[in-house]
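Colleague: Could you walk me through this one slowly? I am new to reading structures, and I would like to see how each conclusion is reached.

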Amino acid sequence: MQHPPPYRPSDSLQQHRYPGFLFRWPWLIDLLHGWNWLVHPRNRIVWRFFHCRLRQLEAGAKVLDAGFGDGQHLFPAVKAFPGLQFTGLDKLEAHLRFAKRYFGKSPPSRRPELLCAGIEALPPG
């Protein structure tokens with residue numbers, strides 16, 4: 001297995017790459033997402049719109065989060081809306097590894113489908 005390159009602080013800012021020690025205490029990841037929600041108005045606007053739209057969907061509806069990055073919108077949505085079928089899509093394999101590890105202890109029914117690809121790779125429709 002190939003190990004990721006050493007962590008640099010700029011990784012969190014540019015590629016949403018968090019240091020591995022956070023997985024010892026996954027609640028810290030949720031705390032970081034909450035901090036981002038508080039200090040970045042754009043995140044609050046996106047979060048409100050996203051959750052408002054999700055509340056309108058019927059159970060079993062499919063939801064795609066394209067470019068989910070560090071999961072700050074995908075992770076809480078999966079927890080808050082267990083009746084929806086989520087798919088997370090991202091171009092970076094590191095983001096998929098991060099999400100798979102985050103959801104690793106969740107029951108299979110509570111894990112989103114995670115795909116490594118750009119949105120342009122999806123079939124139409």
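**Aromatic rings, outside and inside**

Modeller: Gladly! Keep in mind that this is a predicted model. Let's begin with Phe21, which has 39% relative accessibility and therefore counts as partly exposed.

Colleague: Which residues form the nonpolar patch on the surface, and what is their accessible area together?

Modeller: Phe21 belongs to the patch, along with Trp25, Trp27 and Leu31. Taken together, their accessible area is about 460 Å².

Colleague: Now to the ring pairs. Are Phe75 and Phe98 stacked or edge-to-face?

Modeller: There are four aromatic pairs by the rule used here. For Phe75 and Phe98, the ring centres are 5.9 Å apart and the planes meet at 20 degrees. Planes under 30 degrees apart count as stacked, so the pair of Phe75 and Phe98 is stacked.

Colleague: Which helices hold Phe75 and Phe98, and how many residues apart are they?

Modeller: This pair links distant parts of the chain. Phe75 lies in helix α4 (residues 74–80) and Phe98 in helix α5 (residues 93–102), a separation of 23 residues.

Colleague: Is Phe75 buried or exposed?

Modeller: Buried means under 20% relative accessible area. Phe75 has 1% relative accessibility, so Phe75 counts as buried.

Colleague: Which residues do ring pairs link into a cluster with Phe75?

Modeller: Tyr102 and Phe103 form an edge-to-face pair, with 5.1 Å centre to centre and 85 degrees between the planes. Ring pairs link Phe75 into a cluster with Phe98, Tyr102 and Phe103.

Definitions and conventions. Residues numbered from 1 in each chain as written. Predicted model: local features only at pLDDT ≥ 70, side-chain atom pairs only at ≥ 80, totals over all residues. Heavy atoms only, no water. Patch = residues over 30% accessible without salt bridge, like charges linked within 9 Å, V, L, I, M, F, W, Y side chains within 5 Å. Areas by Shrake-Rupley, 256 points an atom, 1.4 Å probe, with all protein chains shown as cover. Salt bridge = Lys/Arg side-chain N within 4 Å of Asp/Glu carboxyl O. Buried < 20%, exposed > 50% of the residue type's maximum accessible area, 1.4 Å probe, protein only. Phe/Tyr/Trp six-rings, centres within 6.5 Å; stacked < 30°, edge-to-face > 60°. Helix = DSSP H or I, 4+ residues; strand = E, 2+ residues; numbered from the N terminus.
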